[in-house]
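Subject: Handing over a structure, with notes

Dear colleague,

I am passing on the structure that we spoke about, and I would be glad if you would look through it alongside the notes below.

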Amino acid sequence: MSSMRELAQQHLVPHFTKKAAWHSDGLPIIERGEGCYLYDTEGNEYLDGLAGLFCVNIGHGRSDLSAAAAKQMNTLAFSTNWGFAHPPAIEAASMIAGFAPGDMSETFFVSSGSEAVESAIKFARNYHVARGDEARYKVISRNWAYHGTTLGALSVTGIPNFRAPYLPALWDGTRHVPNTRQCISPEGTPAEDLSCVRAIEETIQAEGPETISMIIAEPIQNGGGALVPPVGYWQELRRICDQYGVLLVADEVICSFGRFGHWFASERHGVVPDMITFAKGVTSAYQPLGGVVIRGPLVQELYDSPFGSYVHGSTFGGHPVATAVAVANMSAMRDEGVMQHVLATEESFAAKLRAMGDAHRSVREVRGTGFFYAVDLCADSGTQRDLSTAQEEALRGGVLNRFVRDERMTVRPDDRGYTGLTISPPLIADGAVIDDLVARVDRVADRVDAWLANND
Ligand SMILES: Cc1ncc(COP(=O)(O)O)c(C=O)c1O
């Protein structure tokens, strides 16, 4: 009889995984999760240093969430949000309105982050057309930003190799601008004078402000490696949007539901965007759910326009079981003080990672905040020498992945705009788990140091 691994290799098409990795004898088949740890079919334990994929915020194995799903399935397995409403979607949207900043009082549910981004693009366009602003359709997005893979979301994604095969099919309305790591202004430059801020304003002026629909940006950008923006950057985004009649969209598919100690990371930057896209952590990934939180007055304007509605929808958006699980997850996060835990722990987490990084020749920098970090690798941290092309290709091509796999953890070897590791554990990770995680990353960095010494 075929093993699970063989069956996977014969019948299951993986996401973004090279054939050699998928067809290796070591392909892990994960069958169980508990807290911050995962277990495969061979009984091996892994530290989930990525919270699944930035999403299992409350940790694995929560029977209260599975009970909420079962209860909802037995009560009402399915009904839509088209012309009807049902209690779990209403309750979830009401809770989100309570957590969201400012007058962000309305939520449109979908089933993934990519759909959330698509929905924001469509809402912005629908809103402008409803106001007679027919010319506004362009989207400003940042280099190396990941906003999803469906064609609309991929059109605003700024990762060249994810876009390359599909370029002829991508919508040409996006203008990509430098991200905050590509800012070339000297330290201490006021936010309004930063090169990455000026680039946005110059792009709007060059394109014609009357053609720009929205700006989309993550509060802390994942692509490029946990890019924390300079102080005042988000206030500048808000000012620019207000000045030119452009909608501001915070893509918080990773950043929301506690990753930075707040329900929404926009709150951390002190800015109320016009829309927030979310997914992942809203259910801690116990069910697929995403959505867009929208400022109430914008939705009202659309209702009161000749359209009379937001012209968009899907079968599973706001699914009763997914929204019931969202309510259970948000309630547990609130009652168990998950935000407070992240805020109380982030400083020591960052300090431990930075001390680890300082001890390695191969670690240029540890960036990030909250429960979200990138370990950026280089050839020599003393001289800030970059990896050679050959070193970069080898590390990205499997060497780093092997070192991480050998440590039995799920932190992500990353090649999007930098070479390094992305770290994003469940938000319930305590001091012992964080020590375990940092120790494993430390051993990976030891091996990178040694590998670089032999491959200089
Ligand atoms: C910021 C951001 N936006 C959108 C997406 C797309 O979400 P999904 O994979 O659920 O479609 C992701 C996924 O990681 C993301 O990180």
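The notes that follow take up the domains, a helix, some strands and the ligand.

Please keep in mind that this is a predicted model, in which local features need pLDDT of at least 70 and side-chain atom pairs count only at pLDDT 80 or more, while totals for chains, interfaces and linings use all residues. Residues are numbered from 1 along each chain as its sequence is written.

The domain assignment, whose bounds come from an automatic or database source, divides the chain into domain 1 (4–58 + 337–454) and domain 2 (65–335). Taken over C-alpha atoms, the centres of domain 1 and domain 2 are 27 Å apart. Contact, meaning that C-beta atoms placed from the backbone lie within 7 Å, links 28 residues of domain 1 with 24 residues of domain 2. On the side of domain 1 that touches domain 2, helix 14 (338–358) gives the most, with five residues; helices (H or I, at least four residues) and strands (E, at least two) are DSSP runs numbered from the N terminus. The residues of that side of domain 1 comprise 14 nonpolar, nine polar and five charged, where Ala, Val, Leu, Ile, Met, Phe, Trp, Tyr, Cys and Pro count as nonpolar, Asp, Glu, Lys and Arg as charged, and the others, Gly among them, as polar.

Helix 16 covers residues 431–454, and its 24 residues should span 34 Å at 1.5 Å a residue, which agrees with the 35 Å between its end C-alpha atoms; the expected span is 1.5 Å times one less than the number of residues. Its buried residues (20 or more other C-beta atoms within 10 Å of their own, all placed from the backbone) include I434, L437, V441, V444 and V448. The buried residues of helix 16 pack against several elements, among them helix 14, strand 11 and helix 15 (389–406).

Strand 1 (residues 30–34) and strand 2 (residues 37–40) pair in the antiparallel sense over four bridges, pairing being defined as at least two bridges found by DSSP. I30 has D40 in strand 2 as its bridge partner, and G35, in the hairpin of these two strands, takes a positive phi near 60°. Strand 2 also runs antiparallel to strand 3, with three bridges joining them, and Y39 stands opposite E45 in strand 3.

Lastly, 13 residues lie around the ligand, and S112, G113, S114, G148 and V253 come nearest, where near means a C-beta atom, placed from the backbone, within 6 Å. Helix 6 (residues 113–130) gives the most to this shell, with three residues.

With best wishes

Methods
Two residues are in contact if their C-beta atoms, placed from the backbone, lie within 7 Å. A residue is buried if 20 or more other C-beta atoms lie within 10 Å of its own, exposed if 12 or fewer, and partly exposed in between; C-beta atoms are placed from the backbone.
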